[in-house]
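Okay, thanks for coming, everyone.

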Amino acid sequence: MNKVVNDGSGVWSATGFRPGAGAADRTGAPGAPGGPADGGPAGEVWSGSWVAGRLGVELVGDEGLGELLGLALRRNPRRAHLLVSNVLGKHVPQSPAVVYGYGFALGLRVRDLLGEREAARAVVLGYAETATGLGHSVADGVGLAPCLHSTRRPVEGVATAGGFEESHSHATSHLLLPEDPDLLAGDGPLVLVDDEFSTGNTVLNTIRDLHARHPRDRYVVVALVDMRSAADLGRLTDFAREIGATVDLVTAASGTVRLPEGVLEKGQALVAEHEAAHEAALQAARQASQQSVQEPAQESAHGGVAAAPASLPEPGTVTRVDLGWPQGLADGGRHGFTPGHRARLEAALPAMAARISGALPPHARRGRVLVLGFEELMYAPLRLGVALEKLTDAEVRYSTTTRSPVLAVDDPGYAIRTRLVFPAHDDPADGPGERYAYNVAGAGFDAVVAVVDSAADTPELHAPDGLLAQLAAHTRSVLLAVVPSYVPESVPASGSGPASAERPSMLPEPLRGPDFSSYAPDEVGWLLQDLSDTRLEAPTEEREEAIQSGGAHYAESLPVEYQPSPQYQELFRSALAESAARIAVAVGAVTETVLAERSPRPVLVSLARAGTPVGVLMRRWARHRHGLDVPHYAVSIVRGRGIDANALRWLAAHHDPADVVFVDGWTGKGAITRELAEALREFEESDGIGGFDPEIAVLADPGSCVRTYGTREDFLIPSACLNSTVSGLVSRTVLRADLVGEHDYHGAKFYRELAGADVSTDFLDAISARFDEAGDAVDARVKELLSADRTPTWEGWAAVERISEEYGIHDVNLVKPGVGETTRVLLRRVPWKILARAGAGADLDHVRLLAEQRGVPVEEVADLPYTCVGLIHPRYTRGATGADGRAVAV
């Protein structure tokens with residue numbers, strides 16, 4: 001190991017000051033300009049020499065340890081020193097991307113350690129309060145793991161699934177309150193996440209408690225830093241041997257703290273000395289303030305007081321901002337946070353960040369903005385901060401309030417430079433008390449976005465000595481964003497609440513051709529409303545800019561329909577001729593699997609519009625092979641908004657939900673699969689109608705997201721080559737508040753004027769003509785499928801996350817895997833580049849042609865899990881990149 005600090009000389013100390021700034025601008029946090037925040041921790045960061053010099057503490061370890069940790073003193077009878085993380089986002093304001101990136105990178109290492117299959121079975125457990133956000137970020141990196149965090153907030157009506165003690169903490173008792181009691185009962189790996197791994201007691205207490213209830217074979221401990229002493233190094237190995245399980249450790253850095261004899265007593269005396277001086281100075285300042293009729297005294301950076309320094313701004317304004325938080329989405333992992341929750345959150349983040357940005361005063365949009373979370377509520381504010389950082393030109397920082405009492409000292413060698421003190425405002429179970437925000441006062445923030453859950457939006461929060469008033473004394477603008485506190489379904493609602501509006505007793509019958517769509521009336525019934533006479537189209541570049549800025553949802557408008565050139569139409573016809581037989585086999589295989597496993601008389605419900613041609617073909621196969629007249633409907637599902645609830649109500653009124661089989665064309669990364677599962681759960685909760693199976697049947701499942709499919713090959717399905725002209729002349733679906741009311745179906749347009757270019761029936765007939773010759777191949781494939789392990793591995797989602805990080809996109813919604821999704825990118829979005837598997841053949845001819853026409857580079861990639869992947873421009877604005885979106889902003 002390399003010795004990082006040994007004598008308190010401060011040689012690694014960073015001042016943390018703005019060049020030429022006065023005392024009012026000091027922060028001392030690796031997050032202020034002039035410090036290491038612009039791009040993350042830097043090698044010179046070390047805010048621990050003040051403690052090291054006075055107590056003789058030595059921090060010894062990896063060369064990068066000083067970049068991650070500083071030292072402070074805490075008011076705690078169990079441990080005098082506090083390791084202050086520069087990248088955790090708790091005590092030290094830091095770039096949200098840096099905070100999230102550290103956790104996500106640790107999660108990627110866990111996934112590599114476990115392998116894709118075991119990672120998909122894992123559960124991540126973070127520790128309250130400090131590591132709740134870190135635990136979530138690790139879970140995101142692992143990929144498909146649900147996340148739970150311990151809590152110190154009991155919730156009436158929720159059974160405790162476990163508990164343990166954290167011996168060195170100021171508040172020791174942790175509760176585990178999962179909504180799903182089976183979350184911790186599986187036998188997959190359990191990943192335990194904390195900010196530091198010191199004695200190992202907390203982890204051992206957790207494993208001991210949970211292993212006694214639900215033994216498993218493997219545990220993974222994740223921490224930013226491994227700070228065990230030599231005496232503690234063997235305890236984890238011995239314990240693993242004792243319980244007969246594998247216990248792995250994943251950390252970003254390692255080292256140890258060498259404590260001299262009597263350090264606890266010395267530290268307590270040092271804290272008492274500074275606190276006494278602080279109280280005396282505070283009293284003197286109050287007297288001076290009363291005599292001069294000035295504003296109330298504020299704590300100064302060194303723990304003393306001063307009567308509202310002239311350099312401080314006038315008390316700022318406090319404004320409430322409505323986030324538009326998705327209804328029913330968990331606010332965090334207190335009761336469990338699933339991959340479905342994560343997908344919903346990610347879909348909603350751009351719009352929520354846009355609301356915050358729009359509420360910021362003009363001077364803050366190019367200044368310094370702090371997103372301040374609340375105790376255990378770390379993940380939601382962190383993700384909002386990351387989204388805001390992408391969206392604005394402001395220098396965004398992130399930290400949270402805390403229960404932890406830490407001494408503040410205005411010294412460049414000390415990690416906690418300032419402290420705000422305010423009363424608890426969430427009616428804590430352990431009674432009222434002080435809460436703290438560190439390194440916020442005097443940091444020169446132009447605005448602070450305080451994010452709390454609704455349980456904490458109390459009179460105490462808004463009191464004259466509350467958090468908002470304390471923040472307003474140090475910044476010109478405070479925004480209050482309240483996230484609804486998630487209440488598990490098992491908890492009875494308090495109060496009846498307003499009665500929901502009465503729904504109409506009769507919903508409209510499905511639309512059918514030829515009045516709506518070019519399909520025959522018996523091929524499909526559209527549970528949609530006709531918006532054909534409404535102007536909804538917008539230029540692709542305008543839509544992309546609005547979608548990425550959060551100014552509009554993609555379902556609120558339509559792209560201008562692509563009119564294929566003669567060369568492109570010929571490519572489509574060639575592709576159809578070459579692939580018709582292969583598609584016929586896939587159609588037969590998926591239909592036979594549905595009949596064997598799902599229902600002998602299924603009700604096919606395709607997800608409009610890509611699923612609709614497949615639903616028609618499956619219906620044709622059932623009639624061709626079995627003489628069945630299978631009902632088929634098309635409904636709308638919108639990422640981030642869910643499935644059309646009125647369509648579900650109509651289906652439930654006319655069919656047994658257990659017979660309904662949802663159909664789509666193909667899977668990409670599986671976002672719609674997750675969206676459907678979550679939407680059906682919410683529908684059952686709101687309407688009391690259950691029985692719908694969320695498992696989607698698809699023609700092709702290259703993402704390995706479903707069990708019911710015709711093939712898992714990523715090949716060209718010619719219906720992906722075109723838009724409405726291969727889908728019955730129907731547009732993609734529309735969901736906009738001014739057009740779709742509470743009792744309306746989602747909308748769509750029928751492009752009658754494109755009848756001359758319509759090949760919808762040609763596509764269906766070309767494949768149906770191959771049904772007879774496909775019979776033997778279908779029988780062989782179905783026999784293989786029914787005997788195979790078809791458990792989804794979600795390889796596609798994991799691959800998309802890796803590509804997103806590798807190419808610096810950091811948004812899985814902008815990565816579209818597979819031939820079908822790549823084609824959509826080229827037809828409807830602003831493409832950035834196309835990744836093509838090296839050696840891919842004719843399946844990509846149309847992709848290469850479209851890319852050439854739009855000036856989009858095609859990059860050959862070895863070992864690509866899909867035939868191709870389309871990347872949407874990650875930073876698209878017309879002003880920055882040109883109206884055609886071809887140039888890349890660097």
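**A walk through the side chains**

So, counting secondary structure, we have 24 helices and 36 strands in this protein. Keep in mind that this is a predicted model. The protein has 890 residues, and 61% of them are buried. The accessible surface comes to about 32,700 Å², with 50% of that belonging to carbon and sulfur atoms. If you take contacts between residues at least 6 apart in sequence, 77% of them join residues at least 24 apart.

Let's do charges. How many salt bridges does the structure hold? The count is 44. One of them is between glutamate 682 and arginine 344, where the closest N and O atoms are 2.2 Å apart. That pair ties together distant parts of the chain: glutamate 682 belongs to helix H18, residues 671-687, while arginine 344 belongs to helix H9, residues 339-359, and the two are 338 residues apart.

Next, arginine 403 and glutamate 375, whose side chains form a salt bridge at 3.6 Å, N to O.

Now compare glutamate 773 and arginine 770, a salt bridge at 3.7 Å, N to O. Glutamate 773 has a relative accessible area of 55%, so it counts as exposed. Arginine 770, at 26%, is partly exposed. And there's a network as well: Arg344, Glu678, Arg681, Glu682 and Glu685 are joined by salt bridges that share partners.

On to the rings. There are 11 aromatic pairs in the structure. Among them is tyrosine 100 with phenylalanine 104, a tilted pair, 5.8 Å centre to centre with 45 degrees between the planes. Why are those two about one helical turn apart? Because they sit 4 residues apart in helix H3, residues 96-114. Tyrosine 100 is buried at 12% relative accessible area, and phenylalanine 104 is buried at 7%.

Then we have phenylalanine 683 and phenylalanine 692, which pair edge-to-face, with 6.3 Å between centres and 65 degrees between planes. Phenylalanine 683 has a relative accessible area of 3%, so that's buried. Phenylalanine 692 is buried too, at 10%. There's also an aromatic cluster made of Phe516, Tyr519, Trp526 and Phe750.

Arginine 674 puts its charged end over the ring of tryptophan 797, at 3.7 Å from the centre. Over the face of tryptophan 832 you'll find lysine 833, 4.7 Å from the ring centre.

Last stop, asparagine 813. Where does asparagine 813 lie? You'll find it in the loop between helix H21, 795-806, and strand E33, 815-817. Asparagine 813 has a relative accessibility of 11%, so it counts as buried. Which residues does it touch, setting aside neighbours within four places in sequence? The contacts are Glu346, Ala347, Arg639, Lys669 and Ile872.

Okay, that's my tour, over to you.

Technical notes:
Residues numbered from 1 in each chain as written. Predicted model: local features only at pLDDT ≥ 70, side-chain atom pairs only at ≥ 80, totals over all residues. Heavy atoms only, no water. Salt bridge = Lys/Arg side-chain N within 4 Å of Asp/Glu carboxyl O. Buried < 20%, exposed > 50% of the residue type's maximum accessible area, 1.4 Å probe, protein only. Contact = heavy atoms within 4.5 Å. Areas by Shrake-Rupley, 256 points an atom, 1.4 Å probe, with all protein chains shown as cover. Phe/Tyr/Trp six-rings, centres within 6.5 Å; stacked < 30°, edge-to-face > 60°. Lys NZ or Arg CZ within 6 Å of the ring centre and 35° of its normal.
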